[in-house]
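Please open the model in your viewer and keep the selection tool at hand. We will go from stop to stop, with a short note at each one.

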Amino acid sequence: MFADSSKRPTLTLAVIGSGPRGLSVLERLAVRLADGALAGHTVRIHLIDAVEVGAGRIWRTDQDEWFTMNTVVGQVTMYSGVPDGGPARPGAGPSLGEWIEQRAKDHGEPPLGPDDYASRRRYGQYLRSVHQAIAAHLPADVELVETQGRVTSVVAVPDGGYALELDIPQVLDFARTGETPLPYLIDADKVLLATGHPENAPDAFEQNLLDFADRHPGITYLCGDSAADMPLSAADIAPDSTVGIRGMGLSFYDVMLSLTVGRGGTFDHDNEGRLRYIPSGHEPRIVAGSRSGLPIPARGRNQKRPDHTYRPRFLTNEAVAAARERRHRTTGTDRLRFNEDVLPLLLRELDDVYRSTHAASGSTAPLPPLDLHALARPFADARFDSPEAFRTRLLEIMREDLAQAALGNVDGPLKAALDILRDIRNVVREAVDFGGLHPDSHAQEFQREFLPVNALLSAGPPAERVEQLVALVESGLVDVAGPATRFTADEDRGAFLVDSPQVAGSARLVQTLIDARIPHPDLHRDRSALTRSLVAEGLVSEFLRTEPASGLSHPTGGLRVTLAPFHVIGADGSVRDDLYALGIPTEHARWFTQVGSGKPGLNTLFRQDADAIAADMLRTPRPAPETELISATAGSPS
């Protein structure tokens, strides 16, 4: 296949997972190889994905159009460099917005402006185009082997490297032969785990609800997952039945649209310009709830350039380093306390933007204090004497939020300030990643108190989604139960019960209960055969938060990795310098790893992570085994 390939040393790499994180590493591998890394070697790269090679599961290209991104297309890129006039290729290619613009010109596809939001399906198509551009511009001595299959085990080989076992059902036609498909084996020198969102076994609460549903025909409980993978059709959930939805974050909107627009309903504007919902008659009724009782608010209208960079004044890397030095001098450890060392600086940062934006607007209206907790928990201990009273207040808050979103994330004081929560994530990471906080501060102050507020206020959907929810609430098709929503099983009546203790008369019986929250990574609950294999083989270990004084450890469920390039640390404490993990599986050691793209023209942490791994994977190769792909049956998968 390669000129004089028999005389070349060979390096074989495997990338497990071809969503944005896996693809980002592949792109940087391609850039470095094109620049001459490992000249004189043959490099074989196996790109493996269980769902769709080049897009992954969450961004797969066969999902419905109503599943939407929450970052504007002009701020999304998978290339590590901007276009340079040549063809799209590793290191120089279009942003998502530029790609959509070109597709509209060349193929008449629907256009989007740089401040618009694309569907996840469209982003998957863009990822596929990036994948194709990478494949088309690899050097002649680099082979890319693409495999759609599920990696079921990874085993360390005594003389170095790993043997990967893959389940590829199409290898053998079971219906024709009656024989069970046999696995493929891939030998690789180095392996990257970029597996994305997990599919977890149910916890005790979920198992109780599943058991309840098993005992009562016609009752269904759906554990949290991507809405595109949930059974939400009319064949699964009957029209005119009642559905409870647990959680009102981003995934709530996906479930909501699947049960409305996905059933043939439409949105239109009335004579006064207000959005209204026109039902198809095939929808179920929806009762939603959450701890706050507030659906996640809208993102502000984008007014920032794709290459916008915010320079903090108060919560800086230098300020975090200084806080560590003070802690070390006074306590003997540099572990920080979030509420004392980080949060005051963060709040000062937001307040500065809030007040300066208000001043720049020339408004003479008084500016209320910026209170994150009040914004995220607007109902607090309020009591409502009826669902109607709560609904009236909820709609007031949502309409006010839409008015604030319309002012923009530069000109609107509130949304400009809240957008800083996104802009300073990297500094927060400096404070909290890899056990940077005291374990008790991390668990209580950061995870339990700050993160729910931060997630609600910084990661909202496009304003259009909130407008649609307002229309659905006004139509009576969607109800929000209220704050501190409870989801229980009513044995006497054979249905789930949804109610809020703060809203009189809110109790509703539902036949289907859906958890609209995305599962967190957890080594002990992850159902994938790959994760179970990694644990059983001792190749991975759990990241623990350790008390500096007592040495007491607190489990997290996340993978333990080194600093960049994120080598996996095995059960025996050894660093496996040929096994890497990136993204969501490492979420507990690092924070907010679900970022799925870079920003055009900027050396973002997303790009830095990918490049660090790519550089390390191309270091010091060993001679590869003679056979990199061995099938248990004759032939190759088509």
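The tour below starts with a helix, moves on to a cavity and ends in the loops.

**Before you start.** This is a predicted model, in which local features need pLDDT of at least 70 and side-chain atom pairs count only at pLDDT 80 or more, while totals for chains, interfaces and linings use all residues. Residues are numbered from 1 along each chain as its sequence is written, and side-chain values use heavy atoms, with hydrogens and water left out. Helices (H or I, at least four residues) and strands (E, at least two) are DSSP runs, numbered from the N terminus.

**Stop 1: helix H11.** Select residues 413–423, which form H11. Ten of its eleven residues are buried, so H11 is largely enclosed by the rest of the structure. Here buried means under 20% relative accessible area, exposed over 50% and partly exposed in between (1.4 Å probe, protein chains only). Among the buried residues are Pro413, Lys415, Asp419 and Arg422. Now show what covers them: the cover includes H8 (338–361), H9 (372–376), H10 (387–407), H12 (425–432) and H13.

**Stop 2: H11 against H13.** Axes are lines fitted to C-alpha atoms, for helices over the stretch in contact, and angles run from 0 to 180 degrees between N-to-C directions. H11 and H13 cross in a left-handed way, that is, with the near helix turned anticlockwise from the far one by less than a right angle. Show side chains for Leu418, Leu421 and Arg422 on H11, and for Phe450, Asn454, Leu457 and Ser458 on H13: these make the contact (heavy atoms within 4.5 Å). By class, this contact has four nonpolar, two polar and one charged residues. Ala, Val, Leu, Ile, Met, Phe, Trp, Tyr, Cys and Pro count as nonpolar, Asp, Glu, Lys and Arg as charged, and the others, Gly among them, as polar.

**Stop 3: the cavity.** How many cavities of 30 Å³ or more does the structure hold? There is one, and about 80 Å³ of space lies in the largest cavity. A cavity is a set of points, on a 1 Å grid over the protein atoms alone, where a 1.4 Å probe fits but cannot get out; lining residues have an atom within 4 Å of a point. Grid points are joined across faces, edges and corners, and a volume is the space filled by probe spheres set on the points. To centre your view, pick Ala298, Arg299, Gly300, Leu457 and Ser458, the closest to the cavity's centre of the 13 lining residues. H11 gives the most to this lining, with four residues.

**Stop 4: His216.** Go to the loop between H5 (204–215) and S8 (220–222) to find His216. His216 is buried, at 15% relative accessible area. Beyond its neighbours within four places in sequence, His216 is in contact with Glu491 and Gly494.

**Stop 5: backbone features.** Most residues other than glycine have a negative phi, and most peptide bonds are trans. Select Leu38, whose phi is near 60 degrees, in the loop between H1 (20–34) and S2 (42–49). Leu38 counts as buried, at 14% relative accessibility. Next comes Asp240, with phi near 70 degrees, in the loop between S8 and S9 (242–246); Asp240 is exposed, at 51%. Finish at the cis peptide bond joining Ala564 and Pro565, where omega is about 15 degrees. Pro565 is in the loop between S19 (553–559) and S20 (567–569).

Key
1 Å grid on protein atoms, 1.4 Å probe; cavity = no way out; pocket = protein on both sides within 12 Å on 5 of 7 lines; lining within 4 Å.
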